Amino acid sequence: MKITTHFRKTAFLVAFLAALGGLLGVGGASQVQAASKVVNISYWHVNAQTQGGAAVDDLVKNFNKTHPNIQVSAKYNPNMYQGLMQNLQSAQASNKVPDIVQVGWAYTNYFGSNFKYLTPTAAQSKFDKNSHFITKNFTKRTLSFAKDSNGKLVGLPYSLSTPILYYNKTMLDKYGIKASDLATWEGVSGAAKKIKAASGNYGLYIQEPGDTWAQQAVLLSNGAKIIQKGKAAFDSKKGQAAYQLYQDMVVKDKTALHTPWAQGMDAFVNGKVAIAYTTVAQASHVKSSVNFDVQAITSPHFKGQKAVVPVGGSMLAITAQKTAQQKAAWVFEKYMYDNSSLVTWSKGTGYLPPTSSALKDPTFKSYVNDNPMLKPAIAQIDTAVPWTSFPKNGLDAEQTMIDARDKILAGSSVKSTLKAAQEKINEQQ
Amino acid sequence: MRPFKANGWHLLLLVICLALILPVLFMVANSFKTLQDSYHTMWQLIPLHPTLKNYQTLSRQVALLRLIWNTFFMATLVTLGKLSTGLLAAYAFQYFHFRGKKWVYFAFVATIFIPFTVTMIPNYLVIAKANLLNTALGVALPQLCDATGIMIFLKAMAKIPRSLIESAYLDQIPTHRLLMNIIIPILRPSIISIGAIFFINSWNEYVWPTLILKDKSSFTLPLALQNYISSEGGTNFPLAMALATIMIIVPLVIYMVFQRYILNSISNSGLK
Amino acid sequence: MNSNKQQHRVLTLLYLAPTALILLVFIIIPIIYTLYLSFFDWNLIAPTKNFVGWRNYLTIFTDPVNQKVLLNTLGYIGLLLVLNFVIPYVISIIVQFFIHKMQGVYKIIFFIPSLFSLVVGAMVFAWIMNPVSGPIALFLRQIGFTLPNWTNSGGLAIVMLCLITNWKVFGYNFVLLLTGLGSIPQNLIDAAQVDHIPKWRLIWDVVLPLNKSMAFYVLILTIVQGLQYVFTPINVITQGGPYYGSSNVLYHTYLNAFVLYKTGNASALAILTFVIFLILLFLEIKFVEGRDADAPI
């Protein structure tokens with residue numbers, strides 16, 4: 001009994017101390033600001049440790065060292081751009097927004113119309129009147145990726161990725177298939193049939209994350225359009241034909257794998273799928289996991305059409321509300337676009353740098369030589385188009401397209417599913 | 001005949017044990033594999049080229065001790081909170097009489113049935129307004145009560161013979177003494193067992209802490225695990241498994257120490 | 001006398017206040033706020049909310065996706081009951097009455113998965129059960145079978161997700177039920193043996209009814225906690241797909257709230273779920289709490 005009372009007393013004491021400790025912010029970063037004007041800003045990113053998180057930490061550490069009057073703290077948001085957007089929503093609802101964030105392309109319109117932010121052009125004219133930072137570093141084409149449906153530049157393009165066709169060269173060589181056979185989707189389909197007949201393995205896997213980026217690339221490469229004049233336009237003959245080829249591979253020929261992203265890529269790395277169509281950001285993971293010769297080429301096109309891909313990744317947007325923070329965020333943002341920063345960033349994430357000068361940088365060039373799978377991704381940037389972002393109810397629209405994909409890959413009629421999806425989206429535009 | 005039958009049952013139970021434990025072994029085995037091996041020697045529980053590299057990378061990239069401390073601190077705070085509030089409330093329900101007791105109890109128990117999607121955002125707003133973002137208290141505050149604790153303590157208290165309580169009243173022992181010196185010692189097994197369960201659950205919690213904790217220095221282990229799961233860049237499975245193995249150590253130790261209580265008296269009072 | 005009553009009242013308040021305050025602020029008020037939000041069309045951050053009356057509730061019952069999700073939820077509940085209630089119950093009966101050694105060892109081992117985070121569990125199972133390249137798939141292929149692609153079939157995905165939840169919860173429910181069985185007086189068992197009553201009859205006619213209240217408690221717990229637990233594997237592996245095939249009412253609420261930001265819809269779904277749970281709660285209090293003669297409530 002004595003011991004128990006003692007235990008109880010200790011327990012209450014500990015609880016009291018704990019509460020006190022909690023109040024004092026033990027275990028959390030306390031913000032002791034020196035009397036000098038140090039501006040603290042927060043940077044939200046989506047880079048897990050295995051996808052550039054370390055690079056982000058290095059960049060931030062370096063910036064903090066060289067800019068003693070601006071201190072940046074970086075926060076990782078799990079679950080990619082969707083997760084970041086969720087956290088941003090909560091932050092906005094409680095009026096404690098971060099100062100600079102990565103916004104995924106699919107969220108351009110949603111972010112632009114619902115959140116308070118400072119456009120790059122406004123930041124430049126406010127804090128850098130005579131510089132031409134934006135026009136000097138970005139081409140018009142690159143900037144177009146970050147414009148909302150009203151043509152307003154919401155942020156500066158930061159991470160750029162394109163989908164590329166990875167293939168298991170060891171397996172393809174074994175069955176006499178050349179990379180040149182994979183230049184068209186029809187060729188890919190044929191190769192997949194060959195692989196399946198000869199080895200029983202799947203021929204193709206197209207990524208299936210919580211968005212339809214890769215599927216859009218397939219449609220665009222048959223000359224179809226996803227959005228036209230602000231309305232969904234993928235239910236066209238060309239769009240249907242593209243999806244039909246895909247569906248036949250999955251449902252009829254059973255040469256293409258239909259499974260969530262992680263499972264599909266694991267199957268490819270394990271040598272059970274010959275070809276994988278996914279983002280260049282997976283290149284270093286693929287390279288270090290496989291035990292066969294893996295290579296990549298540019299996205300296929302349909303016969304008679306050009307290969308067109310939507311660009312992936314994100315932009316940096318300034319969400320700070322007070323001038324001091326906005327200015328600090330702008331300084332930090334410019335630092336992130338230094339050639340050396342961009343090369344570090346690219347090496348860590350597998351994304352492509354958004355500025356032409358970084359692409360020409362010798363460090364980057366030698367990095368690409370060591371990682372040849374980046375080459376096709378770079379080659380596609382000049383012809384890439386913005387990732388579709390519907391002006392109104394964009395999140396719903398993306399979900400509708402995901403649903404259409406799931407239905408088609410389960411066997412529903414391509415024609416009627418695409419038609420219904422298009423109508424549903426356009427009802428809300 | 002009888003031993004044969006019994007062996008049949010044992011076989012079934014052993015199969016169940018295997019099915020439950022194999023994933024654990026798989027997790028630990030993978031934490032010692034290289035990335036290539038984890039893909040290409042999937043079925044092997046003994047790694048082909050065993051390596052400590054995953055653990056070394058982890059200790060380099062994350063402050064492991066800090067993470068463990070943060071998680072431990074948080075879980076302890078929440079557990080002590082749930083235990084104290086639970087005991088006080090159960091005592092009140094068991095030994096006090098007041099109007100509307102039934103309704104208050106109903107309201108308390110109903111809180112178990114409220115899905116977390118309902119409470120996430122409003123709680124976040126409250127914590128943010130109270131300036132408790134990024135603190136351990138901010139994470140712990142909404143979790144300081146658990147109606148399941150109240151229910152269990154109530155059941156246990158109900159088994160204490162009335163005569164004991166009545167004699168305490170006759171001797172004019174004040175309430176808090178009754179609680180501290182008589183009831184709690186009797187309830188000790190329940191307290192320990194439900195406390196261990198609260199602790200382990202809080203240890204593994206990640207949905208709510210993700211909203212509140214922002215700085216790496218205040219992260220808990222489950223949050224750090226999120227850092228190693230990436231759909232975009234591909235998940236390094238063995239690395240994640242190494243962190244998962246580290247995550248399980250404290251709960252396992254607590255389990256080994258208190259399993260006698262946990263497994264024997266989740267609902268008994270252990271009255272001697 | 002009055003001061004005694006006063007003191008008594010103060011004491012009651014003091015003992016209940018911490019719990020009441022925290023539960024009120026962090027759980028009860030949010031659910032009321034959610035009820036309020038369910039009558040609006042909002043996206044969580046727009047400055048104005050659109051009042052739409054009962055429309056969100058009507059959508060729940062008329063939208064085919066919602067109907068599918070509700071149907072799935074029934075499927076989940078059924079499967080969870082079998083896996084997390086019936087099977088642990090049968091096993092606990094076996095352990096209690098049909099074997100006489102190693103009971104402690106089994107208890108210890110069965111409980112170990114309960115120590116794990118479901119995120120870890122989902123990751124490990126997704127890896128092991130990869131339908132194309134996981135170790136189970138490869139092993140089955142060696143002996144001539146193929147593991148069906150459970151990731152693109154709604155029904156099979158639900159089975160897999162329930163199995164993952166079952167892995168974690170089995171031990172906990174098993175121990176609860178076992179404890180209940182253990183509190184049945186030994187002299188009853190002995191008397192039955194003396195009278196040569198077959199074990200199965202004894203269990204069916206005597207043990208089960210005596211254990212009813214604990215069993216009912218675990219039953220309700222299985223449904224309520226099970227649906228909340230299975231959220232994590234859904235989130236990690238299938239995200240409710242394919243085409244909502246593995247989504248249930250809890251996940252769909254999350255999808256509406258935090259992926260599509262249709263706060264009104266999500267709130268209506270949440271209230272619906274809560275009402276269903278409340279009914280279960282009412283049944284639980286009636287059959288479980290009410291059984292205890294000493295119960296204060």
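**Close-ups of a predicted model**

**View 1. Where chain A meets chain C.** Chain A puts 25 residues into this contact and chain C puts in 25 residues, with contact meaning heavy atoms within 4.5 Å. The two chains bury about 2,300 Å² between them, 55% of it on carbon and sulfur atoms; buried area here is the accessible area (1.4 Å probe) that two parts lose on being put together, summed over both. This is a predicted model, in which local features need pLDDT of at least 70, side-chain atom pairs count only at pLDDT 80 or more, and totals for chains, interfaces and linings use all residues. Residues are numbered from 1 along each chain as its sequence is written, chains are lettered from A and ligands numbered from 1 in the order in which they are written, and side-chain values use heavy atoms, with hydrogens and water left out.

**View 2. The salt bridge between chains A and C.** The rule finds one salt bridge across this interface, that is, a side-chain nitrogen of Lys or Arg within 4 Å of a carboxyl oxygen of Asp or Glu. The partners are D396(A) and K262(C), whose side chains meet at 3.4 Å, N to O. On the chain A side that touches chain C, helix 3 (80-93), helix 4 (108-114), helix 12 (261-269) and helix 19 (394-409) each supply at least two residues; helices are DSSP runs (H or I, at least four residues), numbered from the N terminus.

**View 3. Two domains of chain B.** Twelve residues from domain 1 of chain B and 13 residues from domain 2 of chain B make up the contact.

**View 4. What gets buried between those domains.** Domain 1 and domain 2 of chain B bury about 900 Å² between them, 66% of it on carbon and sulfur atoms. Look for M27(B), S31(B) and T51(B): they supply 52% of the area that domain 1 buries against domain 2, more than any other three residues. The salt bridge count between these two domains is zero.

View 5. Mean pLDDT for chain A is 88, and 92% of its residues reach 70 or more; pLDDT is the predictor's confidence in each residue, from 0 to 100. Residues 1-7 of chain A stay under 50, and residues 20-35 of chain A are also below 50. Where pLDDT is low, the predicted coordinates should not be read in detail.
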